[in-house]
Amino acid sequence: MSTYILNIETATTNCSVSLSKNGETIVLKEDNDKNYSHAERLHLYIDAVLKEGQITSSDLSAVAVSKGPGSYTGLRIGVSAAKGLCFALNKPLIAVPTLESLAHQVTAESGVIVAMLDARRMEVYSAIYDIDYNEIRETQAEILDESSFANYLEEGLVYFVGNGVAKTKTLISHPNARFIDEKLPSAKEMGVIAKNKYKKSDTEDVAYFEPYYLKDFVALKPKPKS
């Protein structure tokens, strides 16, 4: 029996939904709108991928959602939609680490992969994986400087991927650095991760699951009008 998983990725400006069958992405709908139009588009994309995949929501084995880190608002929208579907359909919820799926956009024969998302100023959220996508350093929020990731760069090739790359390459000029910028997390890479979690029954408690914000959300006070 086929395993169909609906994958939802809203951790950045990329509103992305895919349908995977036995771990392979068969339908993908996404749009990188810098204005964060997730609330308007997400449910339309969900309906579209199910229709194109020629299945109904009841045919799903599970719903997977990108759990963060990332945009507070984006994560809330994606997780709320995923939890709502799981409640309504009585399907398991699978949480996929955002940086792990981002790392899957890199194919390499040696070295390590640094998946990174842009944060404020010179800060990034990053995690490090081997070429088989096993995590070798946990997700951290860090301020970049010229010595960032120096120990990994001295050992071999380091592939930097994600929208945190643009500011990284202004600081790091090591010959072992490989920069793959302009990449955002996508639901396209979530299917294989979600399938492996589903097979291991690695699922979440739908009622209590919360996104992984990494840092506490801070609401900025509006500037006083002059």
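I take a polar contact to be a pair of N or O atoms within 3.5 Å; within protein, one must be able to donate a hydrogen and the other to accept it, and residues adjacent in sequence count only if both atoms are side-chain atoms.

Before looking, I noted that this is a predicted model, where local features need pLDDT of at least 70, side-chain atom pairs count only at pLDDT 80 or more, and totals for chains, interfaces and linings use all residues. Residues are numbered from 1 along each chain as its sequence is written, and side-chain values use heavy atoms, with hydrogens and water left out.

**Entry one: Lys 167.** I found Lys 167 in helix α5, residues 165–168 (helices are DSSP runs of H or I, at least four residues, numbered from the N terminus). Is Lys 167 buried or exposed? Lys 167 counts as buried because its relative accessibility is 11%, and buried means under 20% relative accessible area (1.4 Å probe, protein chains only). A polar atom of its side chain lies 2.8 Å from the backbone oxygen of Glu 123 and 3.1 Å from that of Ala 119.

**Entry two: helix α2.** I counted 18 residues in α2, reaching 26 Å from first C-alpha to last, close to the 26 Å expected at 1.5 Å a residue (that span is 1.5 Å times one less than the number of residues). At its N-terminal end, Ser 71 is the cap, with a side-chain oxygen 3.4 Å from the backbone nitrogen of Thr 73. After α2 comes Asn 90, with a positive phi near 60°. Among the buried residues of α2 I listed Gly 74, Leu 75 and Cys 86.

Terms used. Buried < 20%, exposed > 50% of the residue type's maximum accessible area, 1.4 Å probe, protein only.
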